Amino acid sequence: MIICKAKDYKDLSRKAANIISAQVIMKPNCVLGLATGSSPVGTYEQLIERYKKGDLDFSCITSVNLDEYKGLAPDNDQSYRYFMNTNLFNHVNIDKTRTFVPNGLEPDSGKACREYDEIIEKAGGIDLQLLGLGHNGHIGFNEPSDAFTNGTNCVNLTESTIEANKRFFESEADVPRQAYTMGIRSIMMSKKILVVVSGEDKADILKKVVCGAITPKVPASVLQLHPDVTIVADDAARSLL
Ligand code: F6R
């Protein structure tokens, strides 16, 4: 596990974008696993800037996103598909037919999860998976539990996640209670993993993830077992390490 030190959010975003850019340049037809949330927004801005300068080409990239709220349509401005379109895909030359997000509109959870696992498998697995870190240690929407998840699964969001995500919705009642998420096994099968962590409010959980016991109660702690993980964290997030 490599901890890459960043001064602040801007520095973190630049460093994370450097790592993703290197991946795209070295393997132009790679499969990128992508995340939503606040943490990667600056990284996506940096990637867009590099694309506009002519330094990056996304035309042969395939992407698979970590998760999607169950019940939200792709054009709902709170859906993760909408987030990805507005924060990255609409601004670079990626072929949108090769960008995948779990199907939030599929009411049959078993079917939605099976189909998403097939998409990941057909793509040949993930070359580089970008992750943010939840305050309770979740990655994707894999919440603390008694066992690590395998493939894509439908989760009931915890109170802490609903609380953290309500800032994006009109009210807490509007936050969907379920989501489809890539499983821990699928994340761990990625060749490389890049985690972006910013802010003092993540310091405590980052310490548990890096130095604590490997336990499904802190899902991201499993990353200690992956052979190629880079965590880019700013000074505030690293303050307890
Ligand atoms: C997003 C995702 C989540 C977030 C995590 C951190 O696709 O799967 O695990 O990465 O909740 O969110 P932020 O970055 O908003 O603190």
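Predicted model: local features only at pLDDT ≥ 70, side-chain atom pairs only at ≥ 80, totals over all residues.
Let me turn now to the open spaces, starting with the largest pocket, whose volume comes to about 630 Å³. Among the 36 residues that line this pocket, those closest to its centre are Thr 36, Gly 37, Ser 38, Asn 165 and Arg 167. If we ask which elements give two or more residues to that lining, they are strand 4, covering 67–69, helix 3, covering 80–87, and helix 5, covering 159–165. By class, the lining of the largest pocket divides into 14 nonpolar, 17 polar and five charged residues.

So what takes up the space of the largest pocket? That space is taken by the ligand, and there are 14 residues around the ligand, of which Ser 39, Asp 67, His 138, Gly 140 and Lys 202 come nearest. The shell around the ligand holds three nonpolar, eight polar and three charged residues.

In the side chain of Thr 36, an N or O atom is 2.8 Å from a ligand oxygen, while at Ser 38 it is a backbone N or O atom that lies 2.8 Å from an oxygen atom of the ligand. At Asp 67, an N or O atom of the side chain is 2.5 Å from a ligand oxygen. As for how much of the ligand is covered, the ligand taken alone exposes 410 Å², and the protein buries 92% of that area.

Finally, there is the second largest pocket, which holds about 240 Å³ of space. Its lining includes Asp 117, Ile 120 and Glu 121, then Gly 124, Gly 125 and Ile 126, and also Arg 185, Ser 186 and Met 189. Helix 4, at 109–122, and helix 6, at 184–188, each supply at least two residues of that lining, and helix 4 gives the most, with three residues. The classes in the lining of the second largest pocket are three nonpolar, five polar and four charged residues.

That brings me to the end, and I am happy to go back to any of these sites on the screen.

Definitions and conventions: Residues numbered from 1 in each chain as written. Heavy atoms only, no water. Near = heavy atom within 4 Å. Polar contact = N/O pair within 3.5 Å; in protein donor to acceptor, adjacent residues only side chain to side chain. Areas by Shrake-Rupley, 256 points an atom, 1.4 Å probe, with all protein chains shown as cover. 1 Å grid on protein atoms, 1.4 Å probe; cavity = no way out; pocket = protein on both sides within 12 Å on 5 of 7 lines; lining within 4 Å. Sits in = over half its atoms within 2 Å of the grid points. Nonpolar A, V, L, I, M, F, W, Y, C, P; charged D, E, K, R; others polar. Points joined across faces, edges and corners; volume = space filled by probe spheres on them. Helix = DSSP H or I, 4+ residues; strand = E, 2+ residues; numbered from the N terminus.
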